[in-house]
Amino acid sequence: MTVAAPTPARKPSRPEPQPAAAAPPAVGALLAWYDRHRRVLPWRAPPGARGDPYAVWLSEIMLQQTTVKAVVPYFLRFTAAFPTVRDLAAADLDAVLRLWAGLGYYARARNLHACARAVVERHGGVFPDNEAALRALPGIGDYTAKAVAAIAFDAPVVPVDGNVERVMTRLHAVAEALPAAKPRVKALAAALMPAPRPGDVAQALMDLGATICTPKAPACVLCPWAEPCAARRRGDPETFPRKAPKREGTLRRGAAFVAVRADGAVLARSRPPSGLLGGMTEVPTTDWSADFQTRTARDHAPMLGLGPSDWRRVPGVVTHVFTHFPLELVVLVARAPHGAEAPAGCRWIAAGDIAGAAFPNVMRKVLAHAGVAVGPAAPPSRPRRG
DNA sequence: AAAGCGTGGCT
DNA sequence: TAGCCAAGCTT
């Protein structure tokens, strides 16, 4: 069965995608599969119903570049704390950041907050029902606008995320590499419409990509689209999508200063409102650079009425890998006396408030390395009794 | 328009 | 294990 089936001859003279050339893959088969195998998710409406726009939007923002498993507990905490978009809009940004801490890509949390306020101010607290108006909101790009429009309002659009890219590039054996192939893939996806139940088509594509058409070892025997799939016919579905190579970042180093007051409070400050970890809380650190010299670290320590020799270097380093560079931090610890005053731009965070503060995970690693008790950013839901 | 932007899970 | 990779957006 491993006939090296040639793909349909490519015509160099016509670089055009082939939208409706072949009979469109049977959306009916996809929906039938979805009706039997759809995942049950906290933000998902029961069969036959539309998703609640607020829940759909919140989940879509959280799910950007983030796994379902990681999102679920955050989603439950957010909806408990902010049952409606008006509640979220009325909250302080810092309260939102504290709840988001640990989930990553913190610009999402800032935009989430701004978006909630925009929905209240521009739309009276009701999410707009069309892609264009959604697209104009903070943090909502092409994908999310289409996803909310389709899932919450049954708009006849097909959101293209990583799952859909994988499904469509395999279905059509798209030879071109991403991201250059994005326009072609979007056109192929758009050609699925018009079809019944656009919201379910969108969710079905994502479920298919997440559970059957997986990056490695796709379960083609279980796939409702095995028949029309060009990549499966070729015998190498796992080689799609093709991807352009990405370059890796260079290692940066720095030092972090953990000052612990006699009552257990820790010295902290807020990062600038935008950029890396924007708006999140951190302990004082040096700049992070490729040529950082550990020997000079103490020169950057906050004074607090202490001398350089009061800072003790904790053996070892804290390592953390961001999307675009790896980071290595040495940690220095000092004990500050009871009345010690926070330097300008810094503040003390009481021992009991550390777990709930807006410390990103890299800072939690630093605190833990320094011997400060700090829970995970996202405490897993309590273990079930029994 | 290419680069910046987190984190955890999986193989 | 050490890469990949996950329901992308912004500038």
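User: Is Leu277 buried or exposed?
Analyst: Leu277 counts as buried because its relative accessibility is 9%. Here, buried means under 20% relative accessible area, exposed means over 50%, and partly exposed lies in between (1.4 Å probe, protein chains only).

User: What kind of model are these values computed from?
Analyst: This is a predicted model, in which local features need pLDDT of at least 70, side-chain atom pairs count only at pLDDT 80 or more, and totals for chains, interfaces and linings use all residues. Residues are numbered from 1 along each chain as its sequence is written, chains are lettered from A and ligands numbered from 1 in the order in which they are written, and side-chain values use heavy atoms, with hydrogens and water left out.

User: Back to Leu277. Where is it placed?
Analyst: Leu277 sits in the loop that runs between β2 (266–270) and β3 (281–282). Helices (H or I, at least four residues) and strands (E, at least two) are DSSP runs, numbered from the N terminus.

User: What is the phi of Leu277?
Analyst: Leu277 has a phi of about 55°, a positive value, although the residue is not a glycine. Tyr105 also has a positive phi, near 45°, and is likewise a residue other than glycine.

User: Which residues does a cis peptide bond join?
Analyst: One cis peptide bond links Leu178 to Pro179, with omega about 5°. Another links Phe240 to Pro241, with omega about -5°. Pro179 is in the loop between α9 (162–171) and α10 (182–190), while Pro241 is in the loop between α12 and β1 (252–261).

User: Let us change topic. How many helices and strands does chain A have?
Analyst: Chain A has 13 helices and 6 strands. Its C-alpha atoms fill a box of roughly 75 × 50 × 50 Å along the principal axes.

User: What about contacts along the sequence?
Analyst: Contact means heavy atoms within 4.5 Å. Among contacts in chain A between residues at least 6 apart in sequence, 67% join residues at least 24 apart.

User: Now α2. Why is it described as largely enclosed?
Analyst: 10 of the 10 residues of α2 are buried, so this helix is largely enclosed by the rest of the structure. The buried residues include Trp57, Glu60 and Met62.

User: What do those buried residues pack against?
Analyst: The buried residues of α2 pack against α3 (68–81), α4 (85–90), α5, α6 and α8.

User: How do α2 and α8 pack?
Analyst: Helix α2 (residues 53–62) and helix α8 (residues 142–153) pack at an angle of about 150°, and their axes are 9 Å apart. Axes are lines fitted to C-alpha atoms, for helices over the stretch in contact, and angles run from 0 to 180 degrees between N-to-C directions. Among the residues that meet are Val56 and Trp57 of α2, and Tyr143 and Ala147 of α8.

User: Where does Ile212 lie, and what is it in contact with?
Analyst: Ile212 is in the loop between α11 (198–211) and α12 (230–234). Ile212 is buried because its relative accessibility is 8%. Apart from neighbours within four places in sequence, the contacts of Ile212 include Trp33, Pro218 and Leu222. The C-alpha atoms of Ile212 and Thr319 are separated by 35 Å, and these residues are 107 apart along the chain.

User: And Asp200: buried or exposed?
Analyst: Asp200 is buried, since its relative accessible area is 14%. This residue lies in helix α11. Leaving aside neighbours within four places in sequence, Asp200 is in contact with Leu31 and Tyr34.

User: Last one. Where is Val374?
Analyst: Val374 is in the segment after α13 (361–369). Beyond neighbours within four places in sequence, Val374 is in contact with Ile354, Arg364, Leu367 and Ala368.
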